[in-house]
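Take this chain one contact at a time. Start with the charges, then turn to the backbone and the surface.

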Amino acid sequence: MGEYALYKALLNSIPSANNDGALQFLKDDVFQIRVQSPFVESSSHRQGWLYAYNRRTGAEGYVPVGSVKLLGSEVNNTIHHPSALGVEALHAMPASEVRTRNGHRLGDVYFLTPILCGHCKDYVWGCGRVGVQCKDCHACFHKICVRFATNYVCQKNNEVLTAATLDQDKPITEWSSSTVVEWMAALNLYPYADVFRCKDIKGSDLVHLDKEKLMNMGIKDEFHQKAILSCVSELLKQPDDSSVTVDQYNYTEVYAHNLTQHSFSTLERCKKCNKFLRGLLHQGFICQDCGLVAHRTCAATGLPLCLPSVEKPLGTQSKSIFGEGLCLQFNSPDMPAPLIVVKCTQELESRAKNNTSLELYSLYCASPPADQVNELRQKLNESPNNVDLSEYSPACIANVLKKFLRELPDPIIPVQWYDRFLESSKLRNDEQCSTLLGRLVQEIPEHHRSTLTYLMSHFCRICQMEYARGNRNPPTILIQTMCHILLRPPWERIIQVVYNTQAHNRIIELLLLHCDWNETLPKFAGAPAVPPRKVSRIGASILDKEKSSISTNLQDAEWYWGDIKREEVNEKLNDTVDGTFLVRDASSKGGEYTLTLRKGGTNKLIKICHRNGKYGFTEPYTFSSVVELINHYRNDSLSQYNASLDIKLLYPISKNNQEEEIANTENIDKLTANLVEVHNKLLDKNKLFEQVTEDFNKTSQEVTSKRQALDALKELVKVFQDQTKTQEKFQSEAQPHEIKTLMDNADLLKQRLKMMEESCEQLDENLQRQEAYNRSLERELTSLKPEIRDLMRECDNYQRWLITRGVKLARIRQLLNKDDDGTDGVDQTEECDIENLPHNDEKTWFVANCSRSMAEQYLAGKPDGTFLVRPSSTHQFALSIACNGITNHCIIQKTKRGLGFAEPYNIYDSLKSLVLHYSQNSLEIHNDSLNTTLRYPIFTNTANAEECYVVRSTYNYSTKIE
């Protein structure tokens, strides 16, 4: 019989002649009935009957489900999960462990990261004792699924990593934001995981979460709000083992129901446990016969008897379009995609052509009224051919299309191909990556490939129409909205979705923008390539002191242009990306100002009002200065002021940075000529610097030796002076015959003393001239240093501009080598070898448990460019780097767009990407005092790092600028 559960007969039964295979039995007979997953089909299934073995008679056959009562599972001759018939047995698993017949040693553990249950294939999550784990094979089970553990053989494997469980409970208030988003993924709330992560929602924040806070986070769909809050409510309720009653285990087998997985658009309760279904899609199962709704776990552990209704249960129908596989929805030779996809996309494109005011990229992320969405969804489910879409708004149609795609049992890019697409996205070269992704698209099943091609062509046409309206921005919003809809990992690894968001975005972006979908895409505008200069975080205390003294003088702000005309503003903002802005004096000349912001490809003019010393857009005015107002909206969305302006002030048009604007329009040949000219000036200045340094060092040595000689000569003069006085004393006391000799000696001493005094004066004059010359050399060196530094920066800028304009780095090097005849400090043998840099191993530079003072100890005495990355006190990351003999500290900002040192260039998807970038690019662009790259990771040998290190500049200066 295999693994079985025990049932007891409640009455005597003699089957009728027309019931083939039915058993005759007496009251209190005990039956063995095989236990198996409800998701496994079996020929022995008969609706309303159980296939059983009668222990008393030894006969096998069918018994009516209403005539028997579940006793429980028999393990080592002990019945577990007994019924109310009074069978003596254990009610709960001991706290230590239980050994089952198949070898599992199950013990209570605590779950911080959700882990898949080995039986029901749903995730075990929450606080308290919600599940168990086998100490040998590490399989995990819900408490309610423990009795089915005997169905799964314990396969001990020491090479398998232990699931991340805890020996003691961790309160929800101590959950990190990473734990929160993992929990959201396990409950099918992952579409909002990025929102929670960007807002840094921790476990302590979940306690106070409500509808208003969700609205402020941008979650406006009423059903989604209720789904999130119901999941949070269930999470916050402490588990109570006593609430799991015996009756929950006494239901007949689930395969008496005709269950199908379903996505609900309203909150539904499970008919077994009476708790709400969890998540936004694929929340559970519904019986097509009786309409019973159940969690995945409840469905796998036994359900009440299926009592089919004469009327069709609410929410079910003979054929549902939503939730049905693509291969069952259309015939690919006859149609390019499912009918609902074709109808919705055609309607959206038609509306877009007739209404030029529609913001097309925002259609797919809008939140139309839930009742309209549900109504349209129901009509399309019933009769897609007869639905008049003109009655519904474009946002409603787009939302229903998203629902259809999201509810597919297998996404457009099937889960079997997920790992291959994800691996391909790791290629850094966009061209190579897009080529490989294009090949993978050709390998996916025909219906999926055809639908993906149709959707991508639709998105291309959307981009064309939006571009024609003046919006030059890439479809970033559209890509971010669709990335988890078109692509998701298998359910068994759904938690990966919260960590692979960047990869999903890149895959969809490269597919849309670089692959061929038989539509021509316009050339989109791009964000500036180089971060703005920013003062580094030399010390937290210094920065904190300076925060209060940040200049609020409007004249000092780079984005304030004063009294310029509107036409000039339009010219400066033309073809810039969304989020670009500047401030000017209002034309009313009444002491007010105008903020001009680029949004949706057009310029939005916002008046900055002033009253009683306060500034703002609308009353009440709360900002003390225009600078304070602008700084606020550089960090917070303008949707606080106007719901349609869901954007921050990201990219200031700087009045101090006109050279960037010129470089973007200058002729490439002119830029190249300027680079060569500046390069030659730099080499000349560098040679002069070396020569002056050599002269300075030589004269410094001469000054030192002459000063020593002068000091010695002065001491000798003192000696002779003393001797002269002694001679004069002896002469006054001498005998007559000694006087002549003493007088001759005195004259000789005076002559020599005079000669030494004259030599001393000459040496002193010579020393003064030498010191004056030495000081002039020092002044010349001091003046050369900033000139050389400026020329170096200018050369780097020209190189960057040329590379941005498409000139290859090898070509730039070739031009400079040719100009220098290959002899003036140009390194002709150095090649980029980023792949072999020690920086690729995070262990060489990331120090997890490191404070600011520890970092300074690590870096004490290290060469310039030695660095480490550590957690910061602000719950972000910090870079600590040795430069100019001291340890400098810089905050690494973590934003929704990525990591970086300053907006709008927080664009790196990982610390590794940031480190690799600045291993080739100087930090000087942020801070003049940090004239170094991230050259030497703290835990790598400096000599080894030097062997494979690649400098970004094409120059090899031998002189170090102090």
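This is a predicted model: local features need pLDDT of at least 70, side-chain atom pairs count only at pLDDT 80 or more; totals for chains, interfaces and linings use all residues.

Residues are numbered from 1 along each chain as its sequence is written, and side-chain values use heavy atoms, with hydrogens and water left out.

Salt bridges come first. The structure holds 23 of them. A salt bridge here is a side-chain nitrogen of Lys or Arg within 4 Å of a carboxyl oxygen of Asp or Glu. One of them joins arginine 56 to aspartate 29, at 2.7 Å from N to O. Arginine 56 sits in the loop between strands S3 (49–54) and S4 (60–64), and aspartate 29 in the loop between strands S1 (4–9) and S2 (30–34), so the bridge ties together parts 27 residues apart in sequence. Helices (H or I, at least four residues) and strands (E, at least two) are DSSP runs, numbered from the N terminus. Aspartate 29 is buried, with a relative accessible area of 5%. Buried means under 20% relative accessible area, exposed over 50%, and partly exposed in between (1.4 Å probe, protein chains only).

Another bridge links lysine 599 and glutamate 359, with the closest N and O atoms 3.8 Å apart. Lysine 599 belongs to strand S18 (residues 593–599) and glutamate 359 to the loop between helices H7 (339–354) and H8 (360–363), so this pair ties together parts 240 residues apart in sequence. Lysine 599 is buried at 11%. Glutamate 359 is partly exposed at 35%.

Next, look at glutamate 407 and arginine 377. Their closest N and O atoms are 2.8 Å apart, in a salt bridge. Glutamate 407 lies in the loop between H10 and H11 and arginine 377 in helix H9 (residues 370–382), so the two tie together parts 30 residues apart in sequence. Glutamate 407 is buried at 5% relative accessibility, and arginine 377 is buried at 8%. Elsewhere, Asp108, Arg129 and Lys143 are linked in a network of salt bridges.

Now the backbone. Most residues other than glycine have a negative phi. Lysine 121 has a positive phi of about 65°. Its loop runs between strands S9 (115–116) and S10 (123–124). Histidine 282 also has a positive phi, of about 50°. Histidine 282 lies in the loop between strands S14 (259–262) and S15 (284–287). How do the two compare in exposure? Lysine 121 is partly exposed at 38%, while histidine 282 is buried at 13%.

Helix H17 (residues 566–573) has two faces to inspect. Val569, Lys572 and Leu573 are buried. They cover an arc of only 90° around the axis, which puts them on the same side of H17. That arc is taken from the directions from the helix axis to the C-beta atoms. The face turned away from the buried side carries exposed Glu567 and Glu571.

Met854, Tyr858 and Phe939 make a nonpolar patch of about 260 Å². Patches are made of residues with over 30% relative accessible area and no salt bridge; like charges are joined within 9 Å, and nonpolar side chains (Val, Leu, Ile, Met, Phe, Trp, Tyr) within 5 Å. Phenylalanine 939 is partly exposed at 42%. A negative patch is formed by Glu757, Glu758, Glu761 and Glu765. Glutamate 765 lies in helix H21 (residues 736–804).

Terms used: Accessible areas come from the Shrake-Rupley method with a 1.4 Å probe; for residues, only the protein chains shown count as cover. Lys and Arg count as positive and Asp and Glu as negative; His and the chain ends are not counted. The place of a charge is taken as NZ of Lys, CZ of Arg, CG of Asp or CD of Glu.
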